[in-house]
Amino acid sequence: MKTMRAAVCARPGGPEVLQIREVLVPAVRPGWSLVQVTGAGLNRSELRTRQGHSPDVRFPRVLGIECTGVVAASTDPRLPEGTTVAAVMGEMGRAFDGGYAEYALLPNALLMPVTTTLPRETLAALPETYLTAQGALDALGIGPGSTGRLLIRGGTSSVGLAAAAIAAGHGLEVAATTRRPAKAGALTGHVLIDDGGPLTGLPQLWPEGPDWVLDLVGARTAVDSLRLVRRGGTVCVAGSLSGWTVPDFEPIAKIPSGTKLTAFHSNDHAGATEVLQRIIGEVEAGTYRPHIDRVFSLDDIADAHRYMEDNRAAGKLVVLP
């Protein structure tokens, strides 16, 4: 039987638990098609799964909540062999093996057929990042014709950079935060340093506060974002760079009257072919310019996780099998 190379997470632990192994190529079964992976974006949720913070995940497991590739064996007439596809979420890398491999067996419902001339590392940087950014802006009510002020917390994350590009394309005034001044050069628009205290410069920049806050930091900053947004504005939590939960959260006490708190989960855009194809078109036209911080080989997956865990990236990390 045919074998492939995969980065197998043998057990919960540090980056060293990611082991390159020769394993069998998954056998196709009804409702699932085999994809030859050409690239996979790295995501912090994979880091937390590797660390053992996803209680439903059973090890060993091939991680990776997204990938791009080419259909190698199909069970779906709309997905003939040779079709370029992308896939995100839907329990990839959690309930079943994901994108850290040369091949991935994936549910047909997750596969998004696309056409593109982009290099494989650029295409691999788009699905999870840009679908999340677009979905979060949709949740905030931001779209073509919107006017106002958007604050992005966690601005040098891949999603933050993507959201800034989309929002700027709509004509919004954008400010973004980073904890590390050395990363400020990756940001466009207004740059604010978030050192855990008050956001220096925000009251001077926008005395009434931003109209919207896209909070990608999450647990540590969500309550503060509700304080910063203008009365009647909207906060969307769409990231968890600082963890999953807000301790002792009291909605009536913490949400100012008239202010709105919402969220976006990237699983809501699983299978969103039309949205992803439009994003690809914007990248090909030069309207959006994805920020790829580094590209790793599959052999260097442990180093890639160390790099991600040390918060060294300003933009997307990509693995090419």
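**Close-up views of a predicted model**

View 1. Leu261 is partly exposed, with a relative accessible area of 35%, where partly exposed lies between buried (under 20%) and exposed (over 50%), judged with a 1.4 Å probe and protein chains only. This is a predicted model, in which local features need pLDDT of at least 70 and side-chain atom pairs count only at pLDDT 80 or more, while totals for chains, interfaces and linings use all residues. Residues are numbered from 1 along each chain as its sequence is written, and side-chain values use heavy atoms, with hydrogens and water left out. Leu261 belongs to strand β14, residues 260-263 (strands are DSSP E runs of at least two residues, helices H or I runs of at least four, numbered from the N terminus). Together with Val246 and Phe249, Leu261 makes a nonpolar surface patch of about 200 Å² (patch residues have over 30% relative accessible area and no salt bridge, and nonpolar side chains are joined within 5 Å; a salt bridge is a side-chain nitrogen of Lys or Arg within 4 Å of a carboxyl oxygen of Asp or Glu).

**View 2. Gly281 in helix α8.** Gly281 lies in helix α8, which spans residues 273-284, and is partly exposed, with a relative accessible area of 29%. Although Gly281 and Leu118 are 163 residues apart along the chain, their C-alpha atoms are separated by 9.7 Å.

**View 3. The second largest pocket.** This pocket (an open set of points on a 1 Å grid where a 1.4 Å probe fits, with protein on both sides within 12 Å along at least five of seven lines; lining residues have an atom within 4 Å of a point) has a volume of about 160 Å³, the space filled by probe spheres set on the points. Among the lining residues are Trp206, Glu208 and Arg227, and α5 (202-205) and α6 (222-228) each supply at least two residues of the lining.

Methods
Patch = residues over 30% accessible without salt bridge, like charges linked within 9 Å, V, L, I, M, F, W, Y side chains within 5 Å. Areas by Shrake-Rupley, 256 points an atom, 1.4 Å probe, with all protein chains shown as cover.
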